[in-house]
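Student: I am new to this structure and would like to go through it by questions and answers. Please begin with the terms that are needed.

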Amino acid sequence: TQHPDLNISNTMKILKIAVTGSAGSGKSIVCQRFKAIGLVTLDCDIIARQVVKPGEPGFENIVEMFGQSVIQKDGTLDRKHLRNIIVDDAVLRRKMEAALHPQILRQMRSQIENAVYADEKAVAVEVPLLFESGMEKQFDVTIVVEAQDTDLVKRISNRDNVSTENAQKMLGLQMAQKDKIAMADHVVVNKGTMAELFESVDNLFGEIKKEFLTT
């Protein structure tokens with residue numbers, strides 16, 4: 001058994017920041033800025049992809065639920081086909097999230113504990129469904145990135161190469177922006193230039209640092 005003193009949470013208190021927001025809000029850009037100012041950054045979407053790689057338990061879970069039609073010729077998951085299924089089937093979507101959520105959580109914790117903290121003793125994790133999945137309890141600070149609804153639809157449509165109608169449908173599956181904002185500790189508004197967004201992130205981290213990281 002590991003000696004308690006070797007546990008990272010005892011030897012080095014890492015400030016855990018969650019960055020969330022609707023699809024297309026600019027969460028990734030906010031996390032890129034956190035990385036540029038010296039934080040460790042993780043992305044739950046990437047972790048979710050890692051837990052459903054062929055050979056991983058998450059892959060088996062999905063094949064059991066959805067059948068062979070979600071497997072591509074190369075043996076990996078057909079993510080686009082899977083997304084089309086779950087957009088229209090709430091029961092299957094919740095079933096899939098319930099199966100994968102503990103695996104994503106375990107992997108996230110492991111990556112936080114094993115990361116190298118050189119500049120700031122803080123990690124920013126991009127968590128698309130933070131409040132929907134109840135993951136906010138895992139973090140010290142929660143941040144919502146807010147953008148205009150018209151921008152969200154436009155960005156999703158361009159990014160995922162889907163129709164405006166499908167982009168709106170994807171947004172409809174997520175908690176409304178106003179509800180996320182009500183639950184979050186901080187809001188970063190992404191309605192101006194990139195420089196303004198970066199300045200907001202820098203200023204916010206200055207505030208968070210004063211509250212949590214000053215000894």
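Tutor: A residue is called buried under 20% relative accessible area, exposed over 50%, and partly exposed in between, with a 1.4 Å probe and protein chains only. The model is predicted, so local features need pLDDT of at least 70 and side-chain atom pairs count only at pLDDT 80 or more, whereas totals for chains, interfaces and linings use all residues. Residues are numbered from 1 along each chain as its sequence is written, and side-chain values use heavy atoms, with hydrogens and water left out.

Student: Is E132 buried, exposed or partly exposed?

Tutor: The relative accessible area of E132 is 30%.

Student: With which residue does E132 meet in a salt bridge?

Tutor: A salt bridge requires a side-chain nitrogen of Lys or Arg within 4 Å of a carboxyl oxygen of Asp or Glu. The N to O distance in this pair is 3.9 Å. The partner of E132 is K180.

Student: Which parts of the chain does the pair of K180 and E132 tie together, and how many residues apart are they?

Tutor: Helices (H or I, at least four residues) and strands (E, at least two) are DSSP runs, numbered from the N terminus. K180 lies in helix α9 (residues 177-183), while E132 is in the loop between β3 (122-126) and β4 (141-146). The pair therefore ties together parts whose separation in sequence is 48 residues.

Student: Is K180 buried or exposed?

Tutor: The relative accessible area of K180 is 0%. Because that is under 20%, K180 is buried.

Student: How many salt bridges does the count come to?

Tutor: Side chains of opposite charge can pair when their charged atoms come close. One example is K178 with D179, at 3.6 Å between the closest N and O atoms. By the rule given, the salt bridges come to six.

Student: How many residues apart are R33 and D202, a pair that links distant parts of the chain?

Tutor: R33 and D202 form a salt bridge, with the closest N and O atoms 2.7 Å apart. R33 sits in helix α2 (residues 27-36) and D202 in helix α10 (residues 194-212). R33 is partly exposed at 22% relative accessibility, and D202 is partly exposed at 28%.

Student: How many disulfides does the structure hold?

Tutor: A disulfide is a pair of cysteine sulfur atoms within 2.5 Å. The closest cysteine sulfur to that of C31 is in C44, at 9.9 Å, which is too far for a bond. C31 is buried at 6% relative accessibility, and C44 is buried at 7%. The number of disulfides is zero.

Student: Are α4 and α6 roughly parallel or roughly antiparallel to each other?

Tutor: Axes are lines fitted to C-alpha atoms, for helices over the stretch in contact, and angles run from 0 to 180 degrees between N-to-C directions. The axes of helix α4 (residues 57-66) and helix α6 (residues 90-114) come within 10 Å and cross at roughly 165°. Angles under 35 degrees count as roughly parallel, over 145 as roughly antiparallel, 65 to 115 as roughly perpendicular and the rest as oblique. Therefore α4 and α6 are roughly antiparallel.

Student: How far apart in space are D45 and A167, C-alpha to C-alpha?

Tutor: D45 belongs to helix α3 (residues 44-51) and is partly exposed at 36% relative accessible area. In sequence, D45 and A167 are 122 residues apart. In space, their C-alpha to C-alpha distance is 18 Å.
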